[in-house]
Amino acid sequence: MRFDKKMDWLEKVTRNVMLFVGVSGVLIIYCGFFFLLFSGRDTSVLPWYLLLSPWVCIYFGLTQAKQLAVIEWFKNKIVTKK
C-alpha cells in the first residue's frame, strides 16, 4: 500500500471517529443538560464550552467542502442583508 493511500484511509477513519464522538457527545451531553434543567437542578456548574465541544468534533469530522458550506451558512446567518 502506498503512503498516500494510507493517509487517505487514516483521514477517513479519523473523520468517521470524530463524527461518531461528536454525535454521541451531543446526545449524551444535551440529554444530561436537559435532564438537569427540567428536573429543577442547578446547571450553573456546567461550563458553557461543554455544550459546544461536541459540535467542534462534528465540524472537524466533515469533509472540507462541507466545512466551507458551514462557514458560509454562518456568514449568511450573522451578516444582515440591506
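Okay, so before I start: I'm calling two rings of Phe, Tyr or Trp a pair if their centres lie within 6.5 Å, taking the six-membered ring for Trp. And keep in mind that what you're looking at is a predicted model.

With that in hand, how many aromatic pairs does the structure hold? It has six of them. Let me pick out one, Tyr30 with Phe34. Their ring centres sit 6.3 Å apart, and the planes make an angle of 50°, so we call this pair tilted.

Next thing: buried or exposed? Tyr30 comes out at 22% relative accessibility, so it's partly exposed; the cut-off for buried is under 20%. Phe34 has 37%, so partly exposed goes for that residue too.

Tyr30 and Phe34 belong to one aromatic cluster along with Phe33 and Phe38.

Okay, on to another residue in helix 1, Met18. Its relative accessibility is 26%, so Met18 is also partly exposed. What does Met18 touch, if we skip anything up to four places away in sequence? That would be Cys57, Ile58, Phe60 and Gly61. Trp73, on the other hand, is 55 residues from Met18 in sequence, and their C-alphas are 21 Å apart in space.

That's my bit, thanks.

Conventions: Residues numbered from 1 in each chain as written. Predicted model: local features only at pLDDT ≥ 70, side-chain atom pairs only at ≥ 80, totals over all residues. Heavy atoms only, no water. Phe/Tyr/Trp six-rings, centres within 6.5 Å; stacked < 30°, edge-to-face > 60°. Buried < 20%, exposed > 50% of the residue type's maximum accessible area, 1.4 Å probe, protein only. Helix = DSSP H or I, 4+ residues; strand = E, 2+ residues; numbered from the N terminus. Contact = heavy atoms within 4.5 Å.
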